[in-house]
Every structure is written in structure tokens, then in C-alpha cells.
Amino acid sequence: NAGSLWGGRFDGGPADALAALSKSTHFDWRLAVYDIEGSRAHARVLHRAGLLNEGELSGMLKALDALDADVRSGAYTPADSDEDVHGSLERGLIERAGAELGGRLRAGRSRNDQVATLGRMYLRDHARVIAGGVLAVIDALVGQARTHPEAPMPGRTHLQHAQPVLLSHHLLAHAWALLRDVQRLQDWDRRAGVSPYGSGALAGSSLGLDPEAVAADLGFDSATHNSIDGTASRDVYAEFAWVAAMIGVDLSRISEEIILWATKEFSFVTLHDSFSTGSSIMPQKKNPDVAELARGKAGRLIGDLTGLLATLKGLPLAYNRDLQEDKEPVFDAVDTLELLLPAVSGMIATLTFSTERMAALAPQGFALATDVAEWLVRQGVPFREAHELSGAAVRLAEGRGVDLDGLTDEEYAGISAHLTPGVREVLSVEGSLGSRDAQGGTAPAAVARQLEALKRELRAA
Ligand code: ARG
């Protein structure tokens, strides 16, 4: 069996059913170029340890370069008989370097430390792509916030009208959450930047190879301090899957709002034609499919995380074949986000907001009642009493079918002598917004300051 990595102690090859079950080339092939990079670094430490002479090293590197080119061009692909990417590439190496030289590379390494290292290399590269995609969504949110710096909207809690806020304030709330996701990916990279190469099957190598040299060669910051940990742990994958799921959840929450805002009842936004879909039967339809797919894919990303955690939870140390199941969830998370993020940023960048309608709805639902209570506090009334008086004004207004600014001066005075006509200064959306000018608040000046703070953090990210 040409592609097989073992055989010495076996009578025959694996049963077809086992070979079919074992096979992973259909999903681990995306690690092929990383595998070859790892092989180059490994060849160099074998050389430094005196296990490959000068000529053997250059022959090996030449064969690896040729294999790399053939993998990238698609000229070399896994054969039916190949179990995984590592075995297949050893076959390809031997085809190019001969059995004598090609057969030397496997010394001192195992697929166990290889695969643990290659997965980290792959995920680190894609974490950067994903961070770029999240930053593009943040840019789209910031762009909309800057287009509408002072447009009011109804701020909600429990989905009920709560207090007026600025649309820019609301959009930036999503941007801050996504910025933390970018920072999480960067922080995760410190833990992912540790190379398990050199851990061997589990116990390390007896051949005098230097794991730190391989780590540096492959762009890692350091090598693992424990070879059992190096081959058995997958918390770095799980943490990646968690951040991916969190990004999915954050995109899903934005998307849910866009779906609501695009309804006839809300009519807060219009989706650009290029980011909406029609119906095969209802000619009038314009559907927010991007947002719905984002919401749906959040479930898928959560599934990737929980599936991986379930795979890990019962595993004794060190490597177990169950760990072959670690790759598809994180690969799926990568593919999902790399597909989703550009669509979401495009959807957000091209939204049109109906700012007049949002402004008209901002004060409704007695959204200024808190402002009345806080105005009373500024007049020296204890908040407990102020809350009661403002509540009485709401009750009176509701009974009369008017909003808070529809009550007369006499009606206010009838509730309490504290409620002088001066209260009218907060009975406007502008007054309400402008008064919340502390850090984090919704006043135009405060939102302008948070935008500057966000931009500072984005520059540092
Ligand atoms: N293909 C395996 C994986 O993805 C690596 C091979 C390790 N196999 C073994 N029998 N030790 O985890």
C-alpha cells in the first residue's frame, strides 16, 4: 500500500469500511500548504541536528518546493488511497525526492504534533481575514453614524419606547461590540502563537530537534512547554470557535433590528436593491435575506462551537483519534464568517434611514417621562417623589389622549407646584437628548466624543 504510513506490524491493509471512516483528505487538504511549510522547517532542524547533510537538505527543500507548486496549481491532489493530508504529502514528497531521501523527513515528528500545529497556522491566518471583515462592518456602522450624527430615534428597552436616543449612538453601540470581537481575535492570537511542533506523538523527540527553532521558522512566538499539552489540547480551537460564535451573535442582533426596521410597521430603513431579494410569487416583495441569513448562520456558528466542545469533553490525554473531528467545526466557522461578513457590511453601508419617521416616533410612548422626573430632581425634588409626579403626568396625558407636551401649564400645576412651565425645556426630543451629555450618553456632543474614542481604539486595533 503505497500511501500507507505504517505496515511493519500488520498482515494486510485496512478494511474498506475503516479506510472510508478514517479518511480526512476531503476536509484537511486545506492544510496542505501549511503542512509543506512545516516540513521545510522540520527539514532544517533535522539538518541542524546532523540528521540531514547539506546535500540532503537542499534536495529535500527542492522536492518540497516542487510539491508546493504542484499542490497550489492543483497538479497534485490526494489519491483515493491517501488517508489524510500528511500521509498524502509524504507520498508526494517520495515521488519527487525518492524513497531514500523522502523517507527521512518523518523522523522525530508525528501527525499528532503536525496537525495540532498546522491547524493553528491556518486559524491564525484566517483570524486576520475575519478581523478585517469585522472591521469593515464597523466601518459601515461608523459611516452611517457620521452620515446621521444628530438624527433622533426611539430608544427601546423590552422593545418598548424607553427614551429618545441618537441613531448614531445606537449604531455605534453595535460597533463597540464588534470592536471587542476584533480585540478578542488579537488577544486569542497570543495563545494561538505557540507551536506544538516537536511534541512528537505525545512525549517529545529523542533526536535533538529544537522546537523553538521550528516555532520561530513557522512564525510562532514560542513552542509549547509540554508535549502532552501540545498534542492533546484544543482549547485554542475552541476559543476561536467561541469568538466566531460571538461575532455571529453580534451580527445576528444587528440583523434582527434591520429585519424589524425594514417592516412596513417600523419603516425605519430601506434596504438597497443589491442587498435584498424578491419573491418568486409575490411581485411586490423586497426581503432582507442578508440579515436573515446572518441570523440563521449565528445558529450554525454556535453549533460549530458546541459540537467541538462536545468532542473534547470526555477525552483522556493525550492524542485520541476523536481529535480528527476538531477541524470541520472551525473550518466551517471560517468559511461561514468569510462569506457572511462582506454581505453584512455591504447591507449596512447601503441602508437608507427614514430619519423623519424615526424622529417623529422618538418622543412617543411618553418617552420623555424620565426627563420630567430628572428635571424635578434638578429642582430639588427627591427622585422617589419626582418619579410619582412624572407618572401622574403620564396617567393624565394618557387619559386625555395627548403626549406629555400636550398637557397645559394648569394641568402640570394641578399635579404639583413643582411642575412649573419650566418643565417644557425637557419636553422636546432635542432637550432630552442634549441633557444626557456625560460620557457614554446620547447628547450629540457626547456621541461625537465616543466616536473619537472609537476611532482611537480602531487605530490601535
Ligand atoms: N488525521 C489526524 C487528525 O486529523 C491526524 C493523524 C493522527 N492519527 C493517528 N493515528 N495518530 O487528527
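UniProt, in an unreviewed entry, places the feature "domain: Fumarate lyase N-terminal" at residues 14-303. UniProt positions follow the numbering used here, feature names are shortened, and annotations may be inferred rather than shown by experiment. Over residues 14-303 the chain is 63% helix and 7% strand. The end C-alpha atoms of that stretch are 33 Å apart.

This is a predicted model: local features need pLDDT of at least 70, side-chain atom pairs count only at pLDDT 80 or more, and totals for chains, interfaces and linings use all residues. Residues are numbered from 1 along each chain as its sequence is written.

**Overall build**

The protein has 18 helices and 6 strands. Helices (H or I, at least four residues) and strands (E, at least two) are DSSP runs, numbered from the N terminus. The radius of gyration is 31 Å, while a compact globule of 461 residues would have one near 23 Å. That radius is taken over C-alpha atoms, and the globule rule is 2.2 Å times the number of residues to the power 0.38. Along the principal axes, the C-alpha atoms fill a box of roughly 100 × 55 × 40 Å.

The protein divides into three parts, with bounds from an automatic or database domain assignment.

| Domain | Residues |
|---|---|
| domain 1 | 16-107 |
| domain 2 | 112-360 |
| domain 3 | 363-448 |

**Where domain 1 meets domain 2**

The centres of domain 1 and domain 2, taken over C-alpha atoms, are separated by 32 Å. In domain 1, 19 residues are in contact with 19 residues of domain 2. Contact requires C-beta atoms, placed from the backbone, within 7 Å. On the domain 1 side, helix H2 (25-28) and helix H3 (32-48) are the elements that give two or more residues. H3 supplies the largest share, 10 residues. By class, this side has 9 nonpolar, 4 polar and 6 charged residues. Ala, Val, Leu, Ile, Met, Phe, Trp, Tyr, Cys and Pro count as nonpolar, Asp, Glu, Lys and Arg as charged, and the others, Gly among them, as polar.

**Around the ligand**

Which residues surround the ligand? They are Ser-24, Asp-28, Asp-84, Arg-111, Asn-112, Val-115, Tyr-319, Arg-321, Leu-323 and Gln-324. Each has its C-beta atom, placed from the backbone, within 6 Å of the ligand. Helix H6 (residues 111-147) gives the most to this shell, with 3 residues. Domain 1 and domain 2 each provide at least three. The shell has 3 nonpolar, 3 polar and 4 charged residues.

Notes. Two residues are in contact if their C-beta atoms, placed from the backbone, lie within 7 Å.
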